[in-house]
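Try each task before reading its solution.

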Amino acid sequence: MLSVIVKNNRIAFGDGFSLDFQRTLRIPDDGKTYPLPPGLGTFPVCRVEDYRDAVPASWLEHGGVFIPMYQREALWIRFNGHHHKPNAVKIAIGKINAVSGKPWQQKLLKHEADYLVVPPQPWLDGINTGKGYIKQFVAMPLGMGYTVEGQITGKEEFGGIQIIVCEPKLGKFPEQSYYESDCEIGICESFSMPMAASAAPIRSASKRNRRRSRSAEMGIAAGGKMKQKIYPDPHGVDTWDENDYGRVYVHIVNSMMYREITGLEPPATPVTAKTYAKHNLPWFDVYDEAMSDIAPSPELSQVKSIKEMDAEKGFTAQQDDDYVDLSHSEKIQYFIDNPNQVSDGDW
């Protein structure tokens, strides 16, 4: 099995693939389709094992890591991998596959797209709900029925994010890059904002001796619509060695529980549309017209957004859907075969 290591808030699987969780703007849930917002810094990632005397008992069974999020806060997952040797990556939310909408299976399915390949996939911002778009990953507490897991299964028992990464079979790809510098994927750079997490402990670790209940755990619900393709596997399922893999269970906790478990301050409050406009932050469009897109999941296409769930439950709108200026948009040229490739233009 691949080793799974946490370092600098990044989860590394073996020596060729890693990912992190990016804080970002929760896009308005107003029926429009938005471009990609940037990353606004990484979420802190903590090992369950380091806080075994303070976390809920069920976490010790699952192992893995945990991250803090606020209710209705958004994230996207940034992938980093080698162009010369890709990986197959399966993502689930509450043990519901984020690509196919089917219940979690560790096996890569041959006749149904239920995993990503990195590269070419540089990131994932949400669940697969339409041709060329996704619905944003947004955190919601378990037990309210808002999460994707709750809507599809009728219960919320897992929450969090589940990830498995498979290596290619020996001989399928070169072990070393043909290029002098093998660039990582992760095209959308993080922007500095005065919203970084504080690392200052607020109490001694010796006081963390009381187990927490699961009442503050969260899962992933569906937010607004965003332009994003999920690329099909360009190599075929027989490329991947399903016996050479690494897995991680990512628990999501609210800010209060994170503070009680770790003694650390969580990141500042979520990014709003007003904050976004104030800092004049850009949107991103990707030149990936040559890339195809997998079919939308029938199950995930039926998942209601948080705003729709509010209306269904008779709650007043809880969400800031202020207008966001889309005029500041940057184009990203995405090269699939070679990160050192030179682009052509009109002559």
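**Exercise 1.** How many aromatic pairs does a search of the whole structure find?

*Solution.* Start with the ground rules. This is a predicted model, where local features need pLDDT of at least 70 and side-chain atom pairs count only at pLDDT 80 or more, while totals for chains, interfaces and linings use all residues. Residues are numbered from 1 along each chain as its sequence is written, and side-chain values use heavy atoms, with hydrogens and water left out.

Next, the criterion: rings of Phe, Tyr and Trp (for Trp, its six-membered ring) pair if their centres lie within 6.5 Å; planes under 30 degrees apart are stacked, over 60 edge-to-face, and the rest tilted. With that, the search turns up eight aromatic pairs.

**Exercise 2.** Classify the pair of Y34 and W283, and work out where its two partners sit.

*Solution.* Step one is geometry: the centres of Y34 and W283 are 5.7 Å apart with 35° between the planes, a tilted pair. Step two is location: Y34 belongs to strand β4 (residues 33-34) and W283 to strand β17 (residues 283-287), so the pair links parts of the chain 249 residues apart. Strands here are DSSP runs of E, at least two residues, numbered from the N terminus. Y34 comes in at 3% and W283 at 0%, so W283 is buried.

Now try another pair: W59 and F66 have ring centres 5.3 Å apart and planes at 40°, so they are tilted. Both W59 and F66 are buried. Together with Y51 and Y258, they form one aromatic cluster.

**Exercise 3.** Inspect the backbone at P119, P120, N9 and R72.

*Solution.* First, omega: the peptide bond from V118 to P119 is cis, with omega near -20°, and the one from P119 to P120 is cis too, with omega near 20°. P120 lies in the loop between β10 and β11.

Then phi: N9, not a glycine, has a positive phi of about 65°, and R72, also not a glycine, has one of about 70°. N9 is partly exposed at 27% relative accessibility, whereas R72 is buried at 7%.

How values were computed. Helices (H or I, at least four residues) and strands (E, at least two) are DSSP runs, numbered from the N terminus. Buried means under 20% relative accessible area, exposed over 50%, partly exposed in between (1.4 Å probe, protein chains only).
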